[in-house]
Amino acid sequence: MARGSTDKSWGMSDSDPADFCYICRKGHFVRHDREVAFHQSTDKGYVFCRVVVPIGICNQCGSQNWDEAAEAIIEAAVRDEYDKLPD
Ligand SMILES: [Zn+2]
C-alpha cells in the first residue's frame, strides 16, 4: 500500500464516501423517510413511539444504515413519551 496524499479522495466527488455501502461495496445508501413504530421499556413502563426517521437503504443489497440523526430522533421521541407518563 502506497502512503501517498489521500486528501483528494475525500473531496466532493460523484461517490460520496458517506453514502457508499460498506456491506456489499457495490451500491450506495439512498435516503428514505421511514415511519418506525416501536415499544421501548423504561422505568415507568413501556412507551409506544411512532416517528419518521431518515434511513439510508442500499440500492444494491438493501442494507439499512441508521445514522446518528435517526438515532437522535428516536431518543427524543422516547423521552417525549416518557415525560407524558404519570409518575
Ligand atoms: Zn449494499
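Biologist: Which residues does Gln40 touch, leaving out those up to four places away in sequence?
Modeller: In this predicted model, Gln40 touches Tyr46, Val47, Cys49 and Val78, once residues up to four places away are set aside; contact here means C-beta atoms, placed from the backbone, within 7 Å. Residues are numbered from 1 along each chain as its sequence is written. Local features need pLDDT of at least 70 and side-chain atom pairs 80 or more, while totals for chains, interfaces and linings use all residues.

Biologist: How far apart are Gln40 and Val78, in sequence and in space?
Modeller: Along the sequence Gln40 and Val78 are 38 residues apart, yet in space their C-alpha atoms are separated by 7.2 Å.

Biologist: And where is Gln40 found?
Modeller: Gln40 belongs to strand β1, which covers residues 29-42; strands (E, at least two residues) and helices (H or I, at least four) are DSSP runs numbered from the N terminus.

Biologist: Why does Gln40 count as partly exposed?
Modeller: Gln40 counts as partly exposed because it has 15 C-beta neighbours inside 10 Å, where 20 or more make a residue buried and 12 or fewer exposed, with C-beta atoms placed from the backbone.

Biologist: Stepping back, what pattern does the protein follow along the sequence?
Modeller: The pattern reads β-β-β-α, with three strands and one helix in the protein.

Biologist: In what order do the strands form the sheet?
Modeller: The three strands form an open sheet in the order β1-β2-β3, and the pairing is antiparallel. Strands β1 and β3 stand at the edges with a single partner strand each, so one side of each has no neighbour in the sheet. Helix α1 packs on this sheet, where it touches β1 and β2.

Biologist: How many bridges join β1 to β2?
Modeller: There are 14 bridges between the antiparallel strands β1 and β2, and two strands pair if DSSP finds at least two. The two strands form a hairpin with two residues between them, and Thr42 stands opposite Gly45 of β2.

Biologist: How many residues lie between β2 and β3 in their hairpin?
Modeller: Five residues lie between β2 and β3, and in that turn Gly62 has a positive phi of about 80°. Two bridges join these antiparallel strands, and Gly56 has Asn65 in β3 as its bridge partner.

Biologist: Back to α1, how many of its residues are buried?
Modeller: Helix α1 is hardly covered, since the count of buried residues among its 17 is one. The helix takes in residues 68-84 and reaches 25 Å from its first C-alpha to its last. For the protein as a whole, 5% of the 87 residues count as buried.

Biologist: What share of the contacts between residues at least 6 apart joins residues at least 24 apart?
Modeller: Residues at least 24 apart account for 51% of those contacts.

Biologist: Last topic: what is the mean pLDDT of the protein?
Modeller: The mean pLDDT, the predictor's confidence in each residue from 0 to 100, is 84, and 79% of residues reach 70 or more.

Note on methods:
The expected span of a helix is 1.5 Å times one less than its number of residues. Two residues are in contact if their C-beta atoms, placed from the backbone, lie within 7 Å. Axes are lines fitted to C-alpha atoms, for helices over the stretch in contact, and angles run from 0 to 180 degrees between N-to-C directions.
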